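Student: I would like to go through this protein model by question and answer. Please keep to what can be computed from the atoms.

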Amino acid sequence: MPSQKNIDEVKYLTDKLESASAIYFTDYLGLDVDSITKLRSEFFHASVEFKVTKNTLLKLAAENMKIEGLDDYLVGSTAIAISFDEPTSPAKVLKSFMKEHDKPEVKAILFDGEVLEGSEYKKFASLPSKDELLTKLVIMLNSPMTNLVRTLSSPMGNFVNVLNSLKNEKSE
């Protein structure tokens with residue numbers, strides 16, 4: 001008979017699997033307390049939830065969500081990094097953290113309902129963030145409008161300059 005604590009944890013994990021934009025499954029074993037604390041802090045500043053979970057409870061939550069292919073990765077110690085807004089945030093935090101440490105190893109990534117190999121996090125880390133992409137889009141959309149305004153105002157400016165020149169010639 002499962003305990004109420006485990007039932008609540010499976011419900012919690014199911015909700016997280018459903019609402020997350022990306023989940024990174026990591027092996028945290030081998031990190032000391034200071035390193036884990038630093039990693040948690042970096043995740044917190046990036047608005048990423050980092051949680052150590054039991055594999056059996058994760059498997060049950062994945063079954064509830066009809067996610068297949070995750071069982072092979074849920075072996076050994078597992079911690080999950082959950083991003084709700086920016087799917088590349090955990091990858092960027094992990095990449096910068098791994099410059100100083102060998103761990104955590106990324107086992108798998110759950111992105112858009114699809115399970116990906118852990119090594120894919122490097123590709124996600126190199127992608128621009130959502131805000132960066134939106135900024136580039138606004139700049140690209142603004143550029144033609146700015147050029148149009150310049151093009152339309154240029155003949156008017158030239159016309160005014162010609163009129164001023166004629167005025168100055170007539171007054172002399």
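Predicted model: local features only at pLDDT ≥ 70, side-chain atom pairs only at ≥ 80, totals over all residues.

Tutor: Residues are numbered from 1 along each chain as its sequence is written, and side-chain values use heavy atoms, with hydrogens and water left out.

Student: How many salt bridges does the structure hold?

Tutor: Side chains of opposite charge can pair when their charged atoms come close. Here a salt bridge is a side-chain nitrogen of Lys or Arg within 4 Å of a carboxyl oxygen of Asp or Glu. By that criterion the count is four.

Student: Which residue in strand S2 is linked with Glu9?

Tutor: Helices (H or I, at least four residues) and strands (E, at least two) are DSSP runs, numbered from the N terminus. Glu9 lies in helix H1 (residues 4-19), and its partner, 42 residues apart from it, is in strand S2 (residues 48-53). The N to O distance of this salt bridge is 3.4 Å, and the partner is Lys51.

Student: Is Lys16 buried or exposed?

Tutor: Lys16 forms a salt bridge with Glu49 at 3.2 Å, N to O. That pair links helix H1 to strand S2 across 33 residues. Buried means under 20% relative accessible area, exposed over 50%, and partly exposed in between (1.4 Å probe, protein chains only). At 17%, Lys16 is buried.

Student: What is the relative accessible area of Glu100?

Tutor: Glu100 forms a salt bridge with Lys38, the closest N and O atoms being 2.7 Å apart. Lys38 lies in helix H2 (residues 33-45) and Glu100 in the loop between helix H4 (89-97) and strand S4 (105-111), so the pair ties together parts 62 residues apart in sequence. Lys38 is partly exposed at 32%. Glu100 is exposed, and its value is 57%.

Student: How many residues of strand S3 are buried?

Tutor: In a regular strand the side chains alternate between the two faces of the sheet. Thr78, Ile80 and Ile82 point one way from S3, while Ala79, Ala81 and Ser83 point the other way, and all are buried. For strand S3 (residues 78-83), the count is six of six.

Student: Which residue in S3 is the bridge partner of Ile23?

Tutor: Two strands pair if DSSP finds at least two bridges between them. Strand S1 (residues 22-27) runs antiparallel to S3, with five bridges joining them. The bridge partner of Ile23 in S3 is Ile82.

Student: What stands opposite Val48 in S3?

Tutor: S2 also pairs with S3 in the antiparallel sense, over six bridges. The residue of S3 opposite Val48 is Ser83.

Student: What is the area of the nonpolar surface patch made by Leu134, Leu137, Leu141 and Met145?

Tutor: Patches are made of residues with over 30% relative accessible area and no salt bridge: like charges are joined within 9 Å, nonpolar side chains (Val, Leu, Ile, Met, Phe, Trp, Tyr) within 5 Å. Leu137, in helix H6 (residues 130-171), is partly exposed at 41%. The patch area, by the Shrake-Rupley method with a 1.4 Å probe, is about 390 Å².

Student: Which residues is Thr14 in contact with, leaving aside its neighbours within four places in sequence?

Tutor: Thr14 is in helix H1 and counts as buried at 11% relative accessibility. A polar atom of its side chain lies 2.7 Å from the backbone oxygen of Val10. With contact taken as heavy atoms within 4.5 Å, the residues are Ala61, Asn64 and Met65.

Technical notes:
Polar contact = N/O pair within 3.5 Å; in protein donor to acceptor, adjacent residues only side chain to side chain.
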